[in-house]
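Visitor: I am new to this structure. Please show me around.

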Amino acid sequence: MGNRAFNMQKCFCFLLVINVFLNSCSAYKDKTVKVEKEINLDFPKISEIKKEEISQKSKDVSLGYFWGVSEEIYPYFRNHTFENPISYERPANNFVLRVDYFFDKKEEVKLKFYEWNDNEKIETPRDVFTDKFEEIKKFLSEKIDNPAFVNYEDLEKSKEETLRDDVKWRSKNLNAYLFCFKGKGGFDQIRLVLYKD
């Protein structure tokens, strides 16, 4: 009887170890926030956005002074007179997500700039960045339309240390520019620009 109890205890311990191992393998999936919860395709007033970010427990990381983006990223930047951008950092998961809002004196948001970076506390692996990029691409294609432009760079074949994948959408109601930096040294970053111009 004692031998049978010992074998059952060994079996239980073995199953426990397997369970812990399988759960640790899925840790990244458990900590990834779905794109639908991260990206808002609407453009409410900046006062509404502030309320929403606060309700999500986002941290205000605004620089407190004016800064801009290149016309390659947002071709209509010079067409507007912006206030100082407001930036929020969302609670960390697999990524550190920062969102910058560009708005005018009437509180109308003209540009949203999302940036997903490595969460150094858990060292986000490259395939998680790749999966996130594809998830964003799929989400935007479903909501806007098929991309107007797609360009993927091959990191293995290139002589460059850092490359960029680009996807662009154009529509009457919403434009989007999604790009991902990837480096041979392990650098990864995803950026998304949304605007209506």
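Visitor: In strand 6, what is the bridge partner of Asn151?

Guide: First, this is a predicted model: local features need pLDDT of at least 70, side-chain atom pairs count only at pLDDT 80 or more, and totals for chains, interfaces and linings use all residues. Residues are numbered from 1 along each chain as its sequence is written, and side-chain values use heavy atoms, leaving out hydrogens and water. Strand 5 and strand 6 (residues 162-169) run antiparallel and pair over 3 bridges; two strands pair if DSSP finds at least two bridges between them. Strands (E, at least two residues) and helices (H or I, at least four) are DSSP runs, numbered from the N terminus. In strand 6, Asn151 has as its bridge partner Asp166.

Visitor: In what order do the 8 strands form the open sheet?

Guide: The pairing is antiparallel. Strand 1 (59-60) and strand 5 (149-151) are the edge strands, each pairing on one side only. The order is 1-2-3-4-8-7-6-5.

Visitor: How many residues of strand 4 are buried?

Guide: Strand 4 is joined to strand 3 by 9 bridges and to strand 8 by 6 bridges. Buried means under 20% relative accessible area, exposed over 50%, partly exposed in between (1.4 Å probe, protein chains only). Strand 4 is largely enclosed by the rest of the structure, because its buried residues number 9 of the 10.

Visitor: Is Asn173 buried or exposed?

Guide: Asn173 sits in the loop between strand 6 and strand 7. Its relative accessible area is 62%, so Asn173 is exposed.
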